[in-house]
2 protein chains.
Amino acid sequence: MKRFNICLAGSGGQGLILAGVLLAQAAVNDGKYVSLTSSYGPEARGGASRSNLVISKKPIDYIIPKSLDVLLALNQESCDKFILELKDEGLLIIDSSQVTHQPPIKHYSIPFTDLAVKAGAAVTANVVALGTIMVLTGIVKASSLELALSERIKQELLPVNQKALKQGIKHGRKLKNNADEHYTYYQSLAL
Amino acid sequence: MKRFNICLAGSGGQGLILAGVLLAQAAVNDGKYVSLTSSYGPEARGGASRSNLVISKKPIDYIIPKSLDVLLALNQESCDKFILELKDEGLLIIDSSQVTHQPPIKHYSIPFTDLAVKAGAAVTANVVALGTIMVLTGIVKASSLELALSERIKQELLPVNQKALKQGIKHGRKLKNNADEHYTYYQSLAL
């Protein structure tokens, strides 16, 4: 049974709990099963924050921590820490403005925060990242992710998040057009 | 390091994902760390649904599936299935109207659904159960749980849920007054 393991990590306040909920909802909209683990702490603003998702076409009975297919790291600390959990052929995606010490393995370095500012709000870097991950991995359909946004985000915040998603998708497609073997591998890994 | 493992299980539509979020938020309000795992599926209405929480005074780095300190089972299937994960001295709490085949171990059988109807809506059985669990285990403070409700539940649904919480707390206190060894054990287990 194929399972797709994704970790979305960064600082508290970067919206990684919400990003996990959105991606989980998108996968359910796709007809898939999801287990979502989110860590909360009293230092929710500023401390480490992560969401771990297991996505599968079949019901997920046991949540066994396994190595990651995809790691999104929106800050240096989470990149340094969780890179060890990534599979050898895993996909590492970092925010280029936040992760300044480049990791020693092949990765995508993407200006999520800058793209979010372009979309109208720096705080939507989480949703920009979801758009890019979606295009690079094919793990959920664009329509399912768009639906998840409208289901889970408050009406008044929806337009800026929809714009952020579009920015992320656009950037992902640009990278896709420069597809290398690494990317091609991930297309075949998609459920 | 002491960790408290709780599983809230039942059918899709019984609000166990929300119950997990509320309990996680209450624990954070208490100054504790929480890891919350929720399982979502395309059959969200009707299929099995569960939230697993690990609550600790210290940051939770690794989520290792461990045996349960507390199992709340709101339907027969989840009782039959997850009872195997309960510690020997674990606390089993079932809904008396939904779990009709009494489990073969010591447990609390509580009419959560009936109490929810009394509070004004059968769908608040999840919140009634949280109130009772809170009193029986002492895992979070009442004020933290009340705050979590106002933070996480929509304004228009808040009054009925607050009433449900009060029903659950009241029932828990009644049981507490008939405290047996089992209950006393759990008081000492609280973080």
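**Ground rules.** I number residues from 1 along each chain as its sequence is written, with chains lettered from A and ligands numbered from 1 in the order in which they are written. In this predicted model local features need pLDDT of at least 70, side-chain atom pairs count only at pLDDT 80 or more, and totals for chains, interfaces and linings use all residues, while side-chain values use heavy atoms, with hydrogens and water left out.

**Entry 1: chain A overall.** I counted 7 helices and 6 strands in chain A; helices (H or I, at least four residues) and strands (E, at least two) are DSSP runs, numbered from the N terminus. Along the sequence, I read the pattern of chain A as β-α-β-β-β-α-β-β-α-α-α-α-α. Of the 191 residues in chain A, 55% are buried; buried means under 20% relative accessible area, exposed over 50%, and partly exposed in between (1.4 Å probe, protein chains only). I also looked up contacts (heavy atoms within 4.5 Å). Among those in chain A between residues at least 6 apart in sequence, 64% join residues at least 24 apart.

**Entry 2: strands β4 and β5 of chain A.** I began with β4(A), residues 68-73. In β4(A), 6 of the 6 residues are buried, so this strand is largely enclosed by the rest of the structure. Strand β5(A), residues 86-95, has 7 of its 10 residues buried, so β5(A) is largely enclosed too.

Next I followed the pairing (two strands pair if DSSP finds at least two bridges between them). Strand β1(A), residues 3-11, pairs with β4(A) in the parallel sense over 4 bridges. β4(A) and β5(A) run parallel, joined by 5 bridges. β5(A) in turn is joined by 3 bridges to β6(A), residues 108-110, and these also run parallel.

I then traced some partners. Cys7(A) has Leu71(A) in β4(A) as its bridge partner, and Leu71(A) stands opposite Leu92(A) in β5(A). Val70(A) stands opposite Leu91(A) in β5(A). Asp95(A) has its bridge partner, Ile110(A), in β6(A). A reminder to myself: in a regular strand the side chains alternate between the two faces of the sheet.

What handedness does the β-α-β unit of β4(A), α2(A) and β5(A) have? I found a right-handed unit, with helix α2(A) at residues 76-82. By right-handed I mean that, with the strands pointing away from the viewer, the path from the first strand over the helix to the second runs clockwise.

**Entry 3: where B meets A.** I found 21 residues of chain B in contact with 21 residues of chain A. The two chains bury about 1800 Å² between them, 55% of it on carbon and sulfur atoms; that is the accessible area (1.4 Å probe) lost on putting the two parts together, summed over both. On the chain B side, α1 (16-29) and β2 (33-40) each supply at least two residues that touch chain A. The largest share of that side, 8 residues, comes from β2(B).

**Entry 4: His171(B).** I found His171(B) in helix α6(B), residues 158-177. His171(B) is buried, with a relative accessible area of 14%. Leaving aside neighbours within four places in sequence, I listed the contacts of His171(B) as Ile110(B), Pro111(B), Leu115(B) and Thr132(B).
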